[in-house]
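Me: I would like to go through this structure with you. Could you take my questions in turn?

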Amino acid sequence: MTKHQRHLWAGLGLSALLALSAPAKADELVAALKGAEVGVATYDMLKAINSNVASTLIYDTLIEQDANHGYVPALAESWEEAPDGLQWTFHLKQGVKFHNGVDFNAKEVADWLAMFKGTDFEYYLGAVKEIVVVDEHTIRLDMTRPDPNLLYNLSTPFGGIMEPGARKADGDNYGLTAAVGTGPYKLESFAVGQETVLVRNDDYTWGAKTAANTGPANIERIRLREIGEASTSFLELTTGGVDMLFGVPQEFLSEATKQPNIKLMTMPDQEIYYLVMNVTAAPFDDIRVRQAAALAVNQQAIKDNLFGGAGNIPSTFMIASLPEEKVADQFRIKFDLDRAKALLDEAGWMSGADGVRAKDGQPLKITLWTQSDSNFRRVTEVIQAQLKDAGFAADLLTFDSASIRDQYKAGTHQAAVRSYFYDNATILDWFFGGDRPGYPNISMFNDPKAEELRNVAMTGSKTSEEFTKNFIAYHEYILSQFPFAPIYEPVGNIAFNGDRVIMPETINSPVFQRAAIMDLKLAN
Amino acid sequence: MFGFIIKRSLLLIPVFFAASIVVFLLIHLVPGDPVDSLLTVGSPPEQRQIITERYGLDKPLIVQYGIWIGDILRGDLGTAIIMRRPVADLMAEALPYSIALGASAFLFYTIVGVTLGVTASLFQDRWPDRTIMTGVLFGSTLPSFWLGLLLMLIFSVWLRWLPVSGARDVSSLVLPVLTIGLGGTALVARITRVAMVETQRKDFVMLLHAKGMHPLHIQLVRVLRHALIPVVTILALRIGFVLGGAITVEIVFARPGIGTLLVRGIMQHDYPVVQACLLMLSMAVILGTFLGDVLQALMDPRARVSLS
């Protein structure tokens with residue numbers, strides 16, 4: 001019988017089961033993943049293009065981030081960077097084992113790092129010249145150039161350390177039927193698109209100190225369900241089908257507060273909504289017009305009226321918790337309608353009787369692109385109205401998220417409302433790098449001084465401090481050119497059954513992942 | 001009859017190739033490509049070209065089609081670009097859920113639809129007939145997305161009789177089957193009623209009444225047998241929808257299936273997944289039509305002549 005036939009029969013058998021649905025066990029947490037994390041295809045972190053919370057529970061990383069995006073020891077109990085940035089030495093924790101009993105040591109790390117070659121994540125180690133096993137618990141990376149962002153790359157879920165022998169032995173099945181790490185949970189089963197079931201690693205005692213509990217975890221079993229439709233996941237929470245929702249859409253927050261046993265918690269998120277302008281297309285080829293549009297965005301009104309007052313008001317291109325966000329005050333973009341109108345006057349766009357400005361007989365008319373998602377539509381409609389207050393006449397054009405990227409590549413757009421989800425300063429390089437016009441560089445921004453600052457930030461920084469300083473300089477310059485306007489920085493909403501789940505008092509991680517779950521408890 | 005089947009079977013070959021060309025062009029001509037989904041923040045600019053060449057996306061479309069159809073004919077559905085797994089494995093995992101849901105819904109609306117249609121015809125132009133036809137008309141106009149959420153609210157939230165979502169056991173099939181089934185019931189009921197009423201007017205029915213045969217026997221055996229011919233044809237045409245017609249229901253009820261797989265593939269521009277799913281669904285509809293023709297020929301010798 002072929003593998004496909006086995007799958008078919010197994011699936012038919014599963015769907016013919018007569019057993020009734022088993023209720024959640026007392027020692028089992030059932031949670032619904034947030035929309036952005038639905039659809040993970042594999043737990044092979046060198047093949048996956050996205051990750052979910054399970055990845056951070058199966059695999060530990062060498063380093064973790066705390067709530068302030070600082071780096072704390074995880075599987076690497078300490079590390080040193082050479083003053084010239086050309087060497088990194090990691091001292092590994094002792095007494096750590098992979099889920100299959102293999103000892104965690106420098107050789108395993110070296111073999112794991114070697115697996116990056118030839119994958120889409122090879123660039124994570126793009127600056128690494130040589131991996132040297134110094135001794136059983138010390139590994140050294142010799143670099144071709146300094147890479148202060150190495151720590152960030154190693155702290156992401158894609159830096160989760162897989163047991164090399166298991167990955168090799170399981171071949172294409174690795175990440176589906178088995179996933180071997182050193183994390184606080186082991187993979188019991190993974191039904192792609194449906195659910196991931198994790199069981200506690202009872203030997204786990206080496207957790208990072210981002211959690212109060214360094215191991216073993218309190219909860220014996222975790223079932224992570226993938227429910228793409230927000231209404232359905234919300235109904236599952238209210239009926240007790242799940243104990244937690246990792247992401248609650250804005251439109252359900254008021255309903256959630258009406259349920260007596262449902263509690264809400266907010267955490268910082270990693271998303272920024274922004275208005276991007278094509279600097280090569282009229283009227284936004286004039287920096288005064290771009291600045292006017294940027295200053296016409298009333299972020300406070302959007303936060304209060306569309307998002308119930310929750311979230312933050314951004315004034316730069318990054319989330320507030322990043323050190324590279326700390327630019328000088330004069331570069332921050334804040335609502336100022338009077339200044340916006342003055343700039344348009346200065347640029348020759350005079351007010352008309354209908355409120356729309358005009359210049360040389362041409363109205364200040366733009367097309368504002370957006371995606372078909374309801375949040376984007378609402379935000380874009382408000383931006384349209386706010387731009388109108390300044391004298392712009394904006395028409396909306398909606399695209400589905402799958403095809404809009406191709407539209408950007410044509411370069412015919414004028415402005416668009418977008419969001420991104422990222423927690424590192426290199427997002428500037430991604431969205432404003434001159435060698436990526438159209439997409440992802442939707443602003444088509446290609447400025448010689450910006451490119452110079454970009455190169456220094458990306459490859460000329462020897463230490464983390466230099467990295468931050470250089471990226472602040474790059475960030476400030478981009479802000480001064482107004483290719484975008486920040487709109488809104490959401491918070492993450494987590495809803496849980498207060499009768500079942502005991503949430504930790506503090507969570508010392510940027511998002512709700514390993515550290516939070518280690519401290520999570522179930523009521524008896 | 002055998003010759004008829006052979007002749008119709010041979011016609012499937014050019015239809016298959018025509019469907020494959022349409023399917024291939026459909027996804028490739030839609031704006032967007034999978035490379036954008038594979039690039040991550042920090043990917044160097046040359047990564048786009050590396051990925052494009054790795055998946056053969058830089059080749060002319062006709063070459064890409066040739067490679068793909070050659071693999072299909074060898075039984076290789078390819079490897080999903082975004083989901084990174086053999087497409088055959090992805091479909092083999094999704095298919096049982098689609099078959100379970102589709103077959104159950106098919107059975108539901110066949111049994112219920114035929115029953116309602118026969119009942120309506122027996123009470124033609126009286127209140128049972130009007131009630132049934134109004135009810136099925138109303139049922140057929142409800143959007144499945146809305147109907148699914150409504151049934152979920154009633155049976156899962158208020159009454160707590162059934163699970164909200166998922167695909168763990170038989171109880172989680174009930175609401176999705178009802179959601180699809182109510183819409184299909186309307187079509188089957190209407191066709192059955194029309195066919196029954198038309199057959200009742202035929203001379204042989206009058207003759208059977210004149211011979212003193214029991215009226216119920218006439219309706220439920222003799223008339224129904226003839227009336228089922230168009231019903232069977234319509235049902236055969238709907239076989240293709242058994243697999244692919246449940247996309248919104250799968251999403252609302254968080255069920256895996258071919259529909260969900262196809263939607264994910266389209267959103268991510270995962271060409272091998274979309275091509276394989278669409279080709280399979282097209283062939284299901286084509287084979288359903290073929291089956292409908294064969295069944296019609298078997299049930300009605302006159303049809304053999306006209307179809308030939």
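Me: In which loop of chain A is A:His69 found?
Reply: A:His69 is found in the loop between β2 (63-65) and β3 (71-73) of chain A. Helices (H or I, at least four residues) and strands (E, at least two) are DSSP runs, numbered from the N terminus. This is a predicted model, in which local features need pLDDT of at least 70 and side-chain atom pairs count only at pLDDT 80 or more, while totals for chains, interfaces and linings use all residues. Residues are numbered from 1 along each chain as its sequence is written, and chains are lettered from A and ligands numbered from 1 in the order in which they are written.

Me: What is the phi of A:His69?
Reply: A:His69 is not a glycine, yet its phi is positive, at about 65 degrees. A:His69 counts as partly exposed, with 19 C-beta neighbours inside 10 Å. A residue is buried if 20 or more other C-beta atoms lie within 10 Å of its own, exposed if 12 or fewer, and partly exposed in between, with C-beta atoms placed from the backbone.

Me: And A:Met444, is that one buried or exposed?
Reply: A:Met444 counts as buried, with 22 C-beta neighbours inside 10 Å. This residue is found in the loop between α13 (427-432) and α14 (448-459) of chain A. The phi of A:Met444 is also positive, near 60 degrees, in a residue other than glycine.

Me: Turning to peptide bonds, which residue is joined to A:Pro216 by a cis bond?
Reply: That residue is A:Gly215, and omega of the cis bond is about -15 degrees. A:Pro216 lies in the loop between β9 and β10 of chain A. The bond from A:Ala282 to A:Pro283 is cis as well, with omega near 0 degrees. A:Pro283 is in the loop between β13 (271-277) and α8 (287-295) of chain A.

Me: Where does A:Ala217 lie?
Reply: A:Ala217 lies in the loop between β9 (195-200) and β10 (221-225) of chain A. A:Ala217 is buried, with 25 other C-beta atoms within 10 Å.

Me: What is A:Ala217 in contact with, leaving aside its neighbours within four places in sequence?
Reply: Its contacts are A:Pro184, A:Tyr185, A:Arg200, A:Tyr204, A:Ile517 and A:Met518. Two residues are in contact if their C-beta atoms, placed from the backbone, lie within 7 Å.

Me: Now the whole of chain A: how many helices and strands are there?
Reply: Chain A has 16 helices and 22 strands. Its radius of gyration is 25 Å, close to the 24 Å that the globule rule gives for 524 residues, so chain A is as compact as a globular protein of that length. The radius of gyration is taken over C-alpha atoms, and the globule rule is 2.2 Å times the number of residues to the power 0.38. Of the 524 residues, 48% count as buried.

Me: At what angle do α6(B) and α8(B) pack?
Reply: Helix α6 (residues 127-141) and helix α8 (residues 171-200) of chain B pack at about 135 degrees, with their axes 8 Å apart. Axes are lines fitted to C-alpha atoms, for helices over the stretch in contact, and angles run from 0 to 180 degrees between N-to-C directions. The two helices are therefore oblique to each other. Angles under 35 degrees count as roughly parallel, over 145 as roughly antiparallel, 65 to 115 as roughly perpendicular and the rest as oblique.

Me: Finally, how many residues does each chain bring to the contact between chain A and chain B?
Reply: Chain B brings 48 residues and chain A brings 44 residues. On the side of chain B that touches chain A, the largest share, eight residues, comes from α5(B).
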